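The following note sets out several points on the model under review. Please read them alongside the sequence and coordinates.

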Amino acid sequence: MTDTPVIQLSDLSIGFTGRAGYTLPVLRNIDLTVRPGESIGLVGESGSGKSTVALAAMGYLKRGLRVLNGRATFEGHDMFALNRKELESLRGGHLALIPQNSGQSLTPTLRIGAQLTEALRLHSRLDPSQFSARVLELLGQVRLPDPQAITRRYPHELSGGQQQRVAIAMALAGEPRALLLDEPTTGLDVTTQAHILELLRDLARETGMAMVYVSHDLGAIARVCDRVVVMYAGEVVMEGSARQVLTAPTHPYARGLLASIPKLSDPHLPMALGGRPPAPGGAGDGCAFVDRCALASDLCRTSRPMLAPGPGGAPVRCHHADRADTLPMTSTGDHAARAEVGTAPVLSLQDLEIRYSKPGILDRLRGLQDTRPATVDDITITIAKGETLGLVGESGSGKSTILKTIAGLLPPAGGEIRFDGDAPLPRSVEQRGPDHLRRIQLIFQNPDDSLNPRHTIAEILEQPLKLYFGLSGTALQDRCVEILERVRLGGHYLDRLPSQLSGGEKQRVAVARAFAANPDLVLCDEVTSALDVSVQAAVLELLNDLKAAQGTTYVFVSHDLAVVRALSDRVAVLYQGRLCEIGPSAEVYALPSHPYTEVLLGAVLEPDPDTAPKLTADDVIELSPPAKGCPFQRRCPRKIGAKCDTDTPPWQTRDDGHAIRCHIPLDDLHRQQQADS
Amino acid sequence: MLQMFLRRLFLGAITVAIVSMIIFAGVEILPGDACTAFLEREAQGRVLENCREELDLNRPAVVRYLDWASDALRGDLGVSANGQRSIAEMVGARLQNSLLLAACALIVGVPTAIFLGVVSGLWRDRPVDLILSTGAIFAMTIPEFVSATVLILVFSVWLGWLPGIVLTSANAPASEFFPEIILPVVVLAMVMTAHILRTVRSSVIEVMNSDYVQMATLKGVPYWRIVFRHALPNALLPAINVVALTIAWLLGGVVVIEVVFNYPGLGRMMIDAISDRDLPVVQAIALIVATVYVGVNLTADLLTMVANPRLRTLYTRK
């Protein structure tokens, strides 16, 4: 490729300037060249500066940041030297950005049509009379059904995937030659993500535009990018072809990152990358990765390595790149702990039915029954002591709802919950005794929301200890320290506030709080979804160790099938609040599968440039389940006929306890699926 | 949408009904009644009995409440204890005056407040913002009677530009209140501007930091177009409720200003009625002010709903 670069960052440093005139660099000496038609992936953990790079390429800096050194050019224009008018004509025109969270990036008070027309008015040479036709064309190009209806909608009336498509259409309005994508699929369901990525690949091929794809997700990068740039603490630490970076990385951080990703093909626990990245400006004179690196030597502490060709030729920033291949880049090889799974059920859900909508006062007075299908229905699951049950499904599948109901936060509309063989558990948390409350604990997705920001870690941990065990004085203190040590934090954290902790540390405190109650059943609601992969691996390891030590039973909810696989003994797949499949995890992840499980598994992206997702069903978001028949009837690629629409499918159970709820006989299903794979 | 509106209206009516009961009960608990107030020192023995007989005060409280409430619903607020005049008529003129004062203050105050709030938010932490924000805090914290007195001192006593006190009678037509009304309007506008300005300022700052404004910037939308098309329609939504509270305050809560400027509004009538122990009038005014509060807040909620597509579509689609 000899073409002149589209985007070029040369020796770019960006940072904050403190009061005394000293600077805190967020980006250090970034060199990045993007050629026409090329797609480059920028990977790294949160705080590595990857989004700042994308924004800098547009000449945009977040509040408080400034350019310390170097320049950013787009087709020869120095982005930080242009005046406002020139910037406005480039941005959204030949250089466009697709934001991370389209839901929040579309103006809530403007209709979709108006926002797209605005982009055309600013950047297109079309006559205004052609705008509306072009808007429809753009919406069609991003494969949105019924574009006419979409133009009249407001952003909040679209699903996450649809919002993302609108954002893509908006970027395409200016006929960009370079497209910057800032985590464009983070937060979307796996099937939606896979569809969006295929769309982007196709668009890049059709239009010949260059792409810079910013993501922490190596699976997505592997699917979309030719070249990958790995960032750490504001520096480029490695750069190379996607294949090179994903299969033979020469930087220790890149290897660690790969090892920490749970993979569908590998049932073992992923390996945690210890420590955390330095704060901006905290990297010192040496290598920024030195504190977390297994190869670190004295040289690494005193001298900052330069980006230089390493083994295999790809540029790498490491003094010991030649020895990097001694570091593992796959999982630990540890199986999830198999604490003795007893036979006595700890928890059994019988015909559980949950509804969010309550009939209004008037309807109740008139004695009307709610005839709409329940949000969650017909859930019967038994969980044995020491077992981990994984609950998977797309957003809206009811997995978190079921956890809330078990915890008593959302009383069920029907059915019963039995705990430890007792009489049915009282429906709501107010009616449960302290012993039940203690024995069932819940850990939430986001520790920023679940830990009170004004309470110190000590206060957070003391609450369950005082409440359930009546501890006080030094006994209380000692117990807090002991619990913190069990989650590998240590007593010096006691006086800190949650805001002084990193995301992973906060989630450890949340785990510690749950375990302070010495529970029998721990409900984990997407507990690793808000964390970086390396931190996620550490939290998974911690949960696994605690389970091995205490024989705790988990119900583990996640949208990430690989994470669920790493930790669970059994897996249940939910669609629209109904169970599709349940069984030992090895069986659920193998054939035959329920057609929905098959769709889910097919959409998972592995960090491997040679795999492609199998997309067999549309990523339609259904708002409510069908009134009768199979819940998956409308999207099922293996639908056999009217029977699926009218009859509830039967459970087909095999000897190993693996059960699939489908009208297709298991043997037929197995044969069809084997033939397709 | 209509169902939603009817439900809110129904709840508003219930609120007013409950408030009316509380008002009635409150007045009932006070020692003395209309007759003791009216008859003063002669309120004893036969005279008092006769008076009570005449005014039907011997019937049970519940019956009297229902009577009062159903009359009030028909617009009949009864007669005052002092002078036996129709309260509806007395209050009517005062309510008009209060509305005039409120309308003038709103016409001056709301656009000023929104304009200054937006300026302050857009030029956050710049000198203009510091001056406006500090000014707003002063306007909020200095008691109205102090600022009113200072204004009277400056503009009436020293400069002699404006009348410092309202001498027009309560029943005069609106036009006769000019220019006497100017100073009270200025004082009221100052206080309300401060409140609305601060709300608008923080809302503008929040919206200008939002992802969609960043996105619009990166889409190449010119700055002022971002401000007017993307930011302000969102930033001004919270202002609706603050303005509503301000209206309610203007109609019933500006007693101090009315007393300082001798303005014949509802608030001063209430004070006079209280000092005269004219309980029927006190009851009537309290009821009117409560109804205004509920009505104005209901209107604000509905306006917010109409202006915010998120809320609007919640009730019109699906």
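1. Domain bounds, as used here, come from an automatic or database domain assignment. The model is predicted. For chain A, the assignment gives domain 1 (7-225), domain 2 (250-335), domain 3 (345-568) and domain 4 (575-676).

2. Taken over C-alpha atoms, the centres of domain 2 of chain A and domain 3 of chain A are separated by 34 Å. Their contact draws on 15 residues from domain 2 of chain A and 13 residues from domain 3 of chain A. On the side of domain 2 of chain A that touches domain 3 of chain A, there are 10 nonpolar, 3 polar and 2 charged residues.

3. The contact between the chains involves 25 residues from chain A and 18 residues from chain B. On the chain B side, helix H9 (211-218), helix H10 (223-235) and helix H15 (309-316) each supply at least two residues, and H9(B) gives the most, with 6 residues. By class, this side of chain B comprises 8 nonpolar, 6 polar and 4 charged residues.

4. Helix H6 (residues 127-141) of chain B has 15 residues, which at 1.5 Å a residue should span 21 Å; the end C-alpha atoms are 21 Å apart, in agreement.

5. Within H6(B), Leu132(B), Ser133(B) and Ala136(B) are buried. Viewed down the axis of H6(B), the buried residues fall within an arc of 95°, so they line one face of the helix. They pack against helix H5 (87-122) and helix H8 (182-208) of chain B. The face of H6(B) turned away from the buried side carries exposed residues, including Ile131(B), Thr134(B) and Phe138(B).

Key: Residues are numbered from 1 along each chain as its sequence is written. Chains are lettered from A and ligands numbered from 1 in the order in which they are written. This is a predicted model: local features need pLDDT of at least 70, side-chain atom pairs count only at pLDDT 80 or more; totals for chains, interfaces and linings use all residues. Two residues are in contact if their C-beta atoms, placed from the backbone, lie within 7 Å. Helices (H or I, at least four residues) and strands (E, at least two) are DSSP runs, numbered from the N terminus. Ala, Val, Leu, Ile, Met, Phe, Trp, Tyr, Cys and Pro count as nonpolar, Asp, Glu, Lys and Arg as charged, and the others, Gly among them, as polar. The expected span of a helix is 1.5 Å times one less than its number of residues. A residue is buried if 20 or more other C-beta atoms lie within 10 Å of its own, exposed if 12 or fewer, and partly exposed in between; C-beta atoms are placed from the backbone. The arc is that of the directions from the helix axis to the C-beta atoms.
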